[in-house]
Amino acid sequence: MNNFVLLPIIIPFFFGMVLMFGQKSLRFQRGGAMFGLILAFISAVSLLFTVKNEGVQKITFGGWPEPFGITMVSDMVSALLVTTTLLLAIFIVWYSFSSIGTAREHFYYYPAIMMIITGVNGAFTTGDIFNMFVFFEVLLMASYVLIVLGGTRAQLAGSIKYILINVISSALFVIAIAYLYAIIGTLNMADISVKIAEINQPAIITVIAVLFLMVFGLKAAIFPLYFWLPTSYAAAPPPVLALFGALLTKVGVYAIMRTYTLFFIHDTAYTHELLLWLSVFTILAGCIGALAYFDVKQIIIYNIVIAVGVILFGVAQMNETGLQGAMFYLIHDMIIKAALFMLVGIIVYKTGTTNLRKMGGLMKSSPTLGWFYLIAAFGLAGIPPLSGFVGKLLIAKGGFEAGNTWSSLFVLATSLLVLLSVIRIFIYAFWGEEKPVQPILTNAETTKLFIPTAIVIIISIAYGVGAEYLTPFMSDAGRLLADPSIYVDAVLKGE
Amino acid sequence: MKTNDVIIQFTAKIVFFIIFFFAIHIFLAGHYTPGGGFVGGLLASSAIVLLVLAFDINTVRTIIPVTYTTLTACGLIIALATASFPMLLGDPFFTHYFDYFTLPLIGKTSLHTAMLFDTGVFLVVVGVTMTIIQTIGEDE
């Protein structure tokens with residue numbers, strides 16, 4: 001029992017409620033949001049080290065015995081994700097200060113951010129499958145607010161699609177949980193793992209596994225369920241886009257990762273083979289989209305789809321190397337996507353357009369932005385020693401170990417397409433002749449945006465260069481995912 | 001055109017209290033018997049909606065001068081405070097306490113911290129329902 005597990009969830013929740021008061025005072029709103037996130041981040045870091053030193057931490061609400069109460073479990077996987085989430089949220093909120101606009105800031109922008117963080121951290125931490133649904137709803141409700149806030153024409157068109165698709169997938173989620181409960185008779189995730197192992201995963205459980213893959217696949221945007229992502233995300237203003245791109249699809253990826261390493265592990269010849277092929281097609285579809293568009297937002301959005309494919313390819317290998325690689329790549333992708341969306345936001349604010357053909361010559365007016373963009377682009381493609389390298393290396397190694405030689409080579413080869421897609425932004429926007437632009441924000445304002453962006457890119461460089469220091473954490477996470485008994489024992493047999 | 005709504009206004013004034021006290025009854029009946037903060041809150045907001053129908057939003061706003069979003073936030077804080085209070089005592093989150101007390105007039109009663117949590121839920125439900133109805137109703 002350790003109540004500490006809950007702090008990274010409760011603190012943003014509490015500040016979200018407090019910030020519902022005093023919508024008039026910008027200083028209170030901004031200060032409160034920042035203070036709350038920093039406080040939550042400190043608690044998440046100390047939780048991370050507790051998990052590292054003392055193993056999996058858990059708390060069951062109301063002191064009920066284990067499979068009956070709602071358990072919250074903080075293992076290495078969730079502690080790492082929670083810490084990264086809060087770290088990125090701090091910089092995205094900082095970025096919002098001078099970009100989101102005071103009209104939105106006066107209308108529940110910061111409470112919505114805090115609620116979305118509550119939901120994301122809750123979904124990462126929960127050890128109960130129905131409770132995971134509840135936290136998904138919390139983060140979705142807040143994301144509906146954020147995507148529609150401002151009420152511009154594009155936002156309304158994008159949010160209708162977003163809300164509809166998420167309502168459908170949430171309904172499917174409850175149905176899938178109901179099917180699982182009807183067969184297994186428990187909702188505690190560790191207990192589900194044990195019960196499925198006892199009955200040796202009959203065919204009906206495999207069907208439910210595919211249903212779960214559909215539900216989480218809709219949220220994570222895998223092939224062929226990613227169709228809603230580009231239009232909905234493109235509607236959001238840059239800071240919100242950075243938050244969504246860095247966090248929301250990753251919750252779906254985490255859910256697939258968790259269910260496919262903890263529950264459905266007895267018929268991998270079917271389920272994980274399916275996941276493998278879907279992830280390969282996801283990467284392919286993402287690459288086609290990323291290369292086809294001349295819209296900077298769309299290019300990076302399709303790169304989310306590619307990254308989701310790469311991470312799930314690592315999960316599909318179902319060996320320790322592949323899973324460790326998936327963890328490495330998941331955290332890398334959260335950081336680098338936040339950085340890229342923030343950079344692209346600055347480019348859009350500077351040029352007043354998202355169309356690459358109308359940009360050019362930014363290198364003359366803002367060289368630092370250009371070089372930082374180049375670093376972020378190299379990091380995304382995984383050029384050593386930047387952050388994407390280690391994850392992709394381990395994922396490919398896991399693929400070779402599992403005997404999936406050709407698909408692993410394919411994943412490696414697509415790195416070149418990823419690099420090409422983001423370098424196109426560099427070539428079109430930064431090189432060439434300067435073109436007439438209608439800047440949305442002044443230079444002084446975009447400089448303010450650049451500070452948090454630069455820090456996130458420096459963090460991503462540190463993540464790549466300092467991979468050696470992170471390896472103990474990542475190998476713990478990989479071992480935990482590869483061997484469900486660690487998780488199960490910690491939840492069911494712990495004190 | 002001026003409509004004649006004397007009857008509905010007169011009835012609403014009386015029925016409002018009947019519904020509201022029934023809401024309180026349902027709210028207090030919760031925990032051991034069917035009821036609780038959620039249905040209680042819905043009933044209470046239906047009583048307020050009846051007033052809105054009989055009179056109009058601005059009149060009701062002067063009768064009940066509450067900002068409903070603030071009410072929601074207060075409810076959430078009460079609920080969270082009740083749930084996290086056990087953490088200070090070293091018990092797991094959401095642990096509830098109860099005991100029997102002999103109160104004047106009522107006699108032996110069980111008091112349960114779950115009721116405090118339900119008070120939060122009650123306020124949240126009233127706050128959210130009324131915010132939704134006001135937002136739709138104002139749009140003329």
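1. Thr102(B) stands opposite Lys108(B), a residue of strand E2 of chain B. Strands E1 (residues 98-103) and E2 (residues 107-112) of chain B run antiparallel and are joined by six bridges; two strands are said to pair if DSSP finds at least two bridges between them. Strands (E, at least two residues) and helices (H or I, at least four) are DSSP runs, numbered from the N terminus.

2. E1(B) and E2(B) form a hairpin, with three residues between them. Leu105(B), in the turn, has a positive phi of about 70°.

3. The model is predicted: local features need pLDDT of at least 70 and side-chain atom pairs count only at pLDDT 80 or more, while totals for chains, interfaces and linings use all residues. Residues are numbered from 1 along each chain as its sequence is written, chains are lettered from A and ligands numbered from 1 in the order in which they are written, and side-chain values use heavy atoms, with hydrogens and water left out.

4. Chain A and chain B bury about 1400 Å² between them, 84% of it on carbon and sulfur atoms. Buried area here is the accessible area (1.4 Å probe) that two parts lose on being put together, summed over both. Of the area that chain A buries against chain B, 34% is supplied by Asn3(A), Met17(A) and Phe21(A), more than by any other three residues.

5. The contact (heavy atoms within 4.5 Å) takes 17 residues from chain A and 15 residues from chain B. Across this interface the rule finds zero salt bridges, where a salt bridge is a side-chain nitrogen of Lys or Arg within 4 Å of a carboxyl oxygen of Asp or Glu.

6. On the side of chain A that touches chain B, helix H1 (7-18) and strand E1 (57-60) of chain A each supply at least two residues. H1(A) gives the most, with six residues.

7. Phe130(A) and Phe133(A) both lie in helix H6 (residues 129-148) of chain A, three residues apart, about one turn of the helix.
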